[in-house]
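Reader: I want the criteria behind the labels. Please set each value against its definition and then conclude.

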Amino acid sequence: MNLTNLAALAAELLLMPLLAFSIGLFLVLLMRRIGARLQRRVGPPFFQPLADIVKFYAKETQISHGLIHDIGIVMAVGGYVAAEALLPMPGMNGLADKGDVLTLIYFLMIPSLGLALGVGQCANPNGSIGISRALTAMVAYDIPFVIVIFGVAWHYGTTNLVDMIAMQQAAGWGLWDMPLLAVAGLLSLQGMLGKQPFEIYVAPAEIATGPMVEMGGKYMGGLFVMQAFQLYTAGALYATLFLGGGDGHWPTFLLQVFVVMAIPMSIAFQFPRYRTEQMISWFWRWPVALGLAGIALVMHF
Amino acid sequence: MTPLDTLFILSACTLAVAWAFGRRPAAGGLIAVLYGGQILALAKMSGLASGALTMIAASPSFEVLGQALSWRFDGPAWFFALITLGAAFASAWFMAGEWGEGYRRKGGRLGLLQVALALNVSSMLLLLASGDLLSLFIGWELMSWASFLLMLSAGGVAVRWAFKYLIYALGGAMALLGALAWIHAQAGSLQYAAVAGLFATLSPGQAWTLVLAFAAGFGIKMALLPFHLWQGPAYAETPGPGSAFLGAISSRMGLFGILVVLVHLAGLDLLDRLLIPFTHLDARDLLGWVGAFTLIVPTFIAVRQHDARHLLAWHGIGQGGYMLIGVMQGDALGSAGGLLHVFNYATYQAALFLVVTAVVHRTGTADLNKLGGLVTRMPLSFLVMLVGIIGLAGLPPMNGFVSKWLIYRDLISSGRPLMFVATVIGTLGTIISVYKLIHNTFLGQLRMEHEDIREAPWSMLAPMLGLIVIVFLTGLMPGLVLDWIAPVQAALGLPVLDHSLGGVDLPNGGLDMLWVVGLLFAGFGVGALLFLAGNRHRYVHPLDNYAGGHFLTTEVRYHYSDDFYPGLMHLIGGWYRGSIQWLERALVSALDFLAQWSQAWFRSAQPALWLLGVTVFALWWVV
């Protein structure tokens with residue numbers, strides 16, 4: 001690797017998380033605006049997400065329950081910052097050649113682990129129940145999600161996201177070849193984002209927002225940043241797997257990310273909350289069945 | 001004298017020292033040094049690991065009843081011996097200081113523990129070195145009895161489980177002995193070459209019988225389904241360092257047996273030819289699926305444990321499933337993943353058992369309902385457990401991720417969706433279970449009686465920290481261990497994985513952990529900067545928190561482990577039927593009934609009448 005390549009890579013590694021975060025902030029805004037429209041409100045102004053983060057980080061009262069609480073937040077944010085370099089953007093591949101889609105999905109568990117550790121040290125029963133529910137939710141949605149990952153990787157014959165994008169640019173979107181997997185993926189996304197009807201681990205009226213209960217100031221701010229990253233990552237990963245990653249063009253890519261994310265958000269505001277066991281049985285039934293049917297379709301036709 | 005002789009002599013010396021002085025805590029250091037010496041002797045044979053040498057023989061060889069017995073080390077033996085000695089070294093070091101003294105003070109027989117450990121190591125080395133099926137069987141039996149002794153050494157409740165192990169182990173040994181006797185009758189020899197030749201000429205029925213006998217014999221040691229019931233409690237009830245050793249490597253001897261006999265001598269091609277009627281499956285698929293169920297079922301049994309030692313021991317069984325799946329895949333990627341997992345698993349499992357033992361040493365309990373909040377008192381132990389569980393759960397940046405990644409990747413490229421989903425279900429079960437472990441031990445509320453707990457002493461911390469350094473470094477540079485695995489694959493007749501220091505470079509999706517780990521820590525750095533950019537925080541007491549209008553005090557306990565995942569158990573709780581437990585109990589009752597019946601028959605029938613009957617019959621026959 002020569003010096004120019006190295007400099008280009010360094011620039012990508014800096015830009016990718018920064019862009020992901022900025023797009024994520026817009027997605028937060030989108031989510032709030034959709035919610036507002038559906039509830040016939042005006043919704044927040046354009047800079048509200050950024051203002052919220054600044055406010056959280058600048059608050060005077062910042063309460064920690066110990067070092068692991070702090071480290072948990074660092075892991076939650078840092079894990080996503082790192083993960084963005086494994087997820088290609090138009091014109092930038094980052095380190096996607098060094099870690100494939102499997103590495104990416106296991107990377108995405110690190111922020112959750114960090115959050116779980118941080119909440120654990122808070123010694124709050126609500127937080128602890130929230131984490132227990134969040135991990136249960138993961139068991140629910142991850143099974144259909146990995147089925148989707150398998151089907152997609154088998155279809156493209158690679159686990160490298162860069163290759164997947166290139167193949168779709170040559171032969172058309174994965175969505176058309178794998179419609180069932182695309183639907184199963186979208187359903188899994190709903191759980192992964194923890195949106196209604198699957199927001200069992202936040203459950204404000206039941207367990208006082210669960211993992212967030214002891215989070216204030218920059219701790220809550222960290223979770224806010226994490227949410228922005230999470231929304232972007234989910235949308236971009238979906239666009240990469242099924243929509244050709246915007247065919248390498250930024251406007252298309254952004255449009256795809258926003259459209260993909262608008263679907264779970266719109267669904268979310270229509271629904272009340274499921275119980276935990278309802279969520280598991282739902283995920284193990286419908287998206288799993290769809291995903292397996294999708295794999296059968298991909299492997300045999 | 002060959003380097004292998006040196007190793008055996010050192011191993012015998014260790015055993016002798018353990019026998020003579022093992023009960024004195026002061027001798028613990030010497031014993032640990034002797035294990036270190038054995039590792040050095042193994043390092044002298046590193047030509048086996050680099051592929052420069054294929055075999056180093058031991059000088060002694062015998063002839064018994066026309067069968068030549070010989071011992072030698074090759075690539076696989078070296079690799080498994082390294083893990084064995086490493087686990088023994090860490091356990092012995094852990095025992096050498098305060099733990100040994102405490103164990104003895106509480107009435108434990110330290111000498112017996114040391115002897116049992118040394119005996120385990122010696123017999124396992126002998127097993128690994130076996131050059132023919134007869135010496136393999138001798139090593140196998142010695143090892144089985146040695147691990148029985150180690151499990152027994154705590155006395156009390158452990159005895160019951162040790163005996164249960166013994167019954168299973170004897171059953172396995174009978175299967176092996178039967179297979180050996182049949183092979184000897186057919187081939188007239190138990191030399192590896194003759195056995196491999198015999199396998200090539202068998203009819204499908206004969207081959208099935210032999211494969212099943214060997215798979216059952218070795219599988220019982222690995223606690224493969226449906227023989228999994230003995231291992232969890234038996235390992236968990238063994239005294240701490242002993243359980244770390246057993247948990248790390250002992251069951252893997254079963255895998256070693258499968259590698260030598262089924263993969264190398266019989267060959268995976270033979271397994272492919274043994275079809276299961278009315279299905280698309282063959283013997284190799286069968287073993288792969290046994291691995292998958294061994295992964296899932298014990299892992300979800302572990303989720304329900306509320307004793308930390310039992311939880312870990314059940315996970316140990318589950319992790320063996322990954323290894324078997326990987327090996328049965330049989331290609332370069334999968335088998336390397338399975339073999340790498342043997343090493344990786346041993347490092348973090350030993351660390352986890354040791355840290356739980358350290359917690360027991362300080363608090364007196366491994367009950368997850370009675371612990372919590374210890375991170376502020378034992379921060380380094382927390383770090384050990386954290387690294388250990390990240391390894392066990394198979395998340396980056398620890399080494400467990402790499403071996404699992406190789407297996408996942410291979411299952412994708414060979415097009416096995418259900419097996420792939422099974423491995424991920426195992427991982428998810430592991431994640432939820434290990435979070436419960438670390439949360440209920442180190443996070444959450446600190447109990448009043450644990451206010452004055454101190455960090456574990458350095459004699460215990462040092463080996464644990466050493467182990468987690470290995471867990472991290474071999475995660476960062478998996479190529480170090482993959483270098484040792486290449487000769488193992490070559491010696492077993494498996495394709496060799498092409499790798500680099502950071503992982504594997506595949507054209508369609510590779511892995512370079514040097515970059516991945518660097519990236520992750522860079523991300524953490526950014527996260528930390530962002531955290532520090534916020535306003536200054538202050539620390540408050542853990543009880544100073546929001547609980548919906550209630551006040552939390554140390555009297556109000558909220559730690560629980562019995563139903564930590566109520567939503568999940570609400571759904572899958574009914575699936576824990578205990579069918580195999582039921583089957584085991586039914587077998588025991590049936591045997592018991594038969595025994596009682598025959599005894600009653602023998603006692604109640606009229607002996608005089610029987611004697612008369614037999615005499616009349618004999619007279620009639622004579623006449």
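Reader: Where is B:Pro397 placed?

Author: B:Pro397 sits in the loop between helix H17 (379–393) and H18 of chain B. Helices here are DSSP runs of H or I with at least four residues, strands are E runs of at least two, and both are numbered from the N terminus. This is a predicted model: local features need pLDDT of at least 70, side-chain atom pairs count only at pLDDT 80 or more, and totals for chains, interfaces and linings use all residues. Residues are numbered from 1 along each chain as its sequence is written, with chains lettered from A and ligands numbered from 1 in the order in which they are written.

Reader: What makes the peptide bond from B:Pro396 to B:Pro397 cis?

Author: Its omega is near 5 degrees. A cis peptide bond also joins B:Leu225 and B:Pro226, with omega about 0 degrees. B:Pro226 is in the loop between helix H10 (204–222) and helix H11 (231–236) of chain B.

Reader: Why is B:Ala223 called buried?

Author: Count C-beta atoms, placed from the backbone: 20 or more others within 10 Å of a residue's own means buried, 12 or fewer means exposed, and anything in between is partly exposed. B:Ala223 has 28 C-beta neighbours inside 10 Å, so it counts as buried.

Reader: Is B:Phe278 buried or exposed, and why?

Author: Exposed, because B:Phe278 has 6 other C-beta atoms within 10 Å.

Reader: Why does A:Leu108 count as buried?

Author: A:Leu108 has 20 C-beta neighbours inside 10 Å, so it counts as buried. It lies in the loop between helix H4 (101–107) and helix H5 (109–121) of chain A. Not counting residues up to four places away in sequence, A:Leu108 touches A:Ala83 and A:Thr233. Contact means that the two C-beta atoms, placed from the backbone, lie within 7 Å.

Reader: Why is A:Ala293 partly exposed?

Author: A:Ala293 has 15 other C-beta atoms within 10 Å, so it is partly exposed. A:Ala293 is in helix H13 (residues 276–300) of chain A.

Reader: How do you know that the span of helix H12 (residues 250–268) of chain A agrees with the rule?

Author: The expected span is 1.5 Å times one less than the number of residues. H12(A) has 19 residues, so it should span 27 Å; its end C-alpha atoms are 27 Å apart, which agrees. Its buried residues include A:Phe253, A:Val260 and A:Pro264. Among the elements that cover them are helix H1 (3–38) and helix H9 (179–192) of chain A.

Reader: What makes H6(A) kinked at A:Asp142?

Author: The bend at a residue is the angle between axes fitted to the seven residues ending there and the seven starting there. At A:Asp142 the kink is about 35 degrees, shortly before the proline A:Pro144. Helix H6 (residues 125–156) of chain A still reaches 45 Å, close to the 46 Å expected for its 32 residues. Of those, 32 of 32 are buried. A:Gly157 follows, with a positive phi near 70 degrees.

Reader: Which residue class leads on the side of chain B that touches chain A?

Author: First the count: 61 residues of chain B are in contact with 73 residues of chain A. H22(B) gives the largest share of the chain B side, 13 residues. By class, that side has 39 nonpolar, 18 polar and four charged residues. Nonpolar means Ala, Val, Leu, Ile, Met, Phe, Trp, Tyr, Cys and Pro; charged means Asp, Glu, Lys and Arg; the others, Gly among them, are polar.
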